[in-house]
Amino acid sequence: MIVTKNVAELCVLLISELYGQLPSRIFASLLTTGRSTVAQLSQHTSLNQRQVRHGLAVLIQLNLIFHNTDHDMGITNYDANPFAAYSLVRTGKILDLIRTNYGHDAHAIVHDVLVQGHAKISDLIATLENRRGAHQDTANGTLHNGHNHVNGNGINGTTDVEVEDEDAELDGHAYSTLAQLITSGILEPITSTTYQSARDIRTAIEQDYLADYPTGLRGSKQTSEFEKHVREKLREVYRQSSKLKKDLELASHSKHSSKRQKLANGAIVTTFGYAESRRILEDHLDTNVRLNYEKCTVELRNLRLQRYVEDLIGDTTAKVYATLLAVLTKKVTRCQVDKSIEVEDENDDDLSAGPRVTTQEVFEHLSPSIDLTAGIGKLHEEGAINIRYAEKIRRYPPQLKGSTLQETLEEGEEIVGSDDEDYDHSGEAAAQFGLHGQNGTNGVDIQMGDGVPVGAQRLHQMRQHLLILAESTQGFLRHCGAADFGEWTVDFEPLLQHLKFVELDTLIENRFGRQGLRLTRVLREKGKIDDKTLPTLALMRKSDVLVKMAEMEMAGFLDVQEVPRDNNRTAARTLFFWFFDINRTLHRIQDNTYKSMVRCLQRLDVERRKKKEVLQTVERKDVQGMEEEKLRGDVYNAYVEFLDIEKKLLGQVARLDDIVAVFRDY
């Protein structure tokens, strides 16, 4: 993450907004001066070392800084973590996402982890059990008197055994919910390398290896062995942090160890059995866990792609796509792989192909409440669709074409280039044969009037939605295999590149109009064009082109290169080539977005100072929750006005973050 002035100011404002002035002051010093010790921070911030240590403890607890100790010299260096600091702006989005995808109990656990920074598994389980027990007692209108039964008697027919069974069920549900969050990657265990930056981890591995070579590495053989050793050690670090997750995954795949649960939004999630989750987590009760922002970014990307499909294709297809993304991204830990700590998947034979899922897997996770008949048109006549083209399998990503693909093929392989060579017959098979454990039928084949089982019919309908996604020009999906009624994958890189261009075109059109958008598209496609050719290609008058190009150049979206024809360098003897630098434009847009977010937060602070007296009155304990009854009319109206302004400003910050996420994180 590139830390500019606006990014640094935004991170400091977010920390100050949530955690106070002391941590934000120390974090600002770390962003300005870089890696520092306690003594250096005390000097830069004009604070005594006791205050600096208190601030550092808060920042470490909240995972906002890295620290690394030199054991030879006994000195600890601290470094800022700007990605974690910026991720604070997505707290509300993450909590809403967790509530929707994993339920209210998971939302409560993640909320506690966010507030504390990190927490022990035992503390999270105890808190969730106490919260659910208090909620159940309130709902039943009963109170515990320190016994294992309600009011010390079997009131309303409730016996001691039944109460103990309910307590055991609550206990098992807490373990199951926490196991689900760890398995999905939302929560990750804290290890010895968690608070070290990627650079420190790699440096420590390299120094440990080079200690055996006092004169340095010589020759390509030693260099290759050195690089191989570093990769292996980094792979071990990754395995250490994901050991608990893998143990829970193995338990979830074992027979009769998990069950499916339907959430309020109709989604189907797998919940762990009481015995399995408890047995594994009881061995790790002292393990601390924290929120994994990288996995949360993957979940937010899925939500963004689902909404994109909903806008372009339809609601039903978007729900099917959301289910596929949820199954597919179980195998995806982050949106963008950090090259310095990249870990290759040993089980993936074709790394370029990426993870893939089968139609059967998507079907098993699809909610039975989704009406798959909606969003699919009917043919006027048979044979109107070329089945062979619709069922075409594309085994390689779209960017691997031509000579690049030819070089990657092994001996005996060939490029699949025609419809006849990669035709998937699973579409016909799905319509003719039933499935084991049909979606929505509990494994029973319910016969329809035409003799086709309901499960097979729903599978066939779901495949139609998947084929619609695969045939889209945006490249939402790629049909990459024929196993289990078809294999599917998502090529995120070209898909998100298209999404970036959509967002960029929207911004340019809103700021410079249709003419500005037309000119940038021409330059993006053709490259550098001189000022005499551009009006012809854009079908615009030369005067309008020059005015619009000058306006966009002043805004930093376009640039011009001067190429003189001779040494005199006169304007009449000079060629002016206009061009559109996509990378520089994206960086400029991101920086301007950061600046807009900073101004929104600063404006919110100004509004709070204006309404200081009103807010102080509202914060009184005898007023909280009863503002309308306790406050005077003018004071209450001023409070409502402030809440409206706060909602608008924070909503604008969230919308600006959506732009940053598309251009930088997804």
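Predicted model: local features only at pLDDT ≥ 70, side-chain atom pairs only at ≥ 80, totals over all residues.
1. Residues are numbered from 1 along each chain as its sequence is written, and side-chain values use heavy atoms, with hydrogens and water left out.

2. The axes of α1 (residues 5-19) and α2 (residues 21-33) come within 8 Å and cross at roughly 160 degrees. Axes are lines fitted to C-alpha atoms, for helices over the stretch in contact, and angles run from 0 to 180 degrees between N-to-C directions. Helices (H or I, at least four residues) and strands (E, at least two) are DSSP runs, numbered from the N terminus.

3. Which residues of α1 meet α2? They are A8, C11, V12, I15, S16 and Y19. Facing them in α2 are P23, S24, F27, A28 and L31. Contact means heavy atoms within 4.5 Å. By class, this contact has nine nonpolar, two polar and no charged residues (Ala, Val, Leu, Ile, Met, Phe, Trp, Tyr, Cys and Pro count as nonpolar, Asp, Glu, Lys and Arg as charged, and the others, Gly among them, as polar).

4. Strands pair if DSSP finds at least two bridges between them. β3 pairs with β7 (residues 288-291) over three bridges, and H118 has R290 in β7 as its bridge partner.

5. Another open sheet has the order β8-β10-β9, again of three strands and antiparallel. Here β8 (357-358) and β9 stand at the edges. β9 (residues 478-481) and β10 (residues 487-489) pair over three bridges; β8 and β10 pair over two. W488 in β10 stands opposite H479 and also opposite V357. β9 and β10 form a hairpin with five residues between them, and D484 in the turn has a positive phi of about 50 degrees.

6. A word on confidence. The chain averages a pLDDT of 80, and 78% of the residues score at least 70; pLDDT is the predictor's confidence in each residue, from 0 to 100. Values stay under 50 over residues 343-352 and over residues 429-438.
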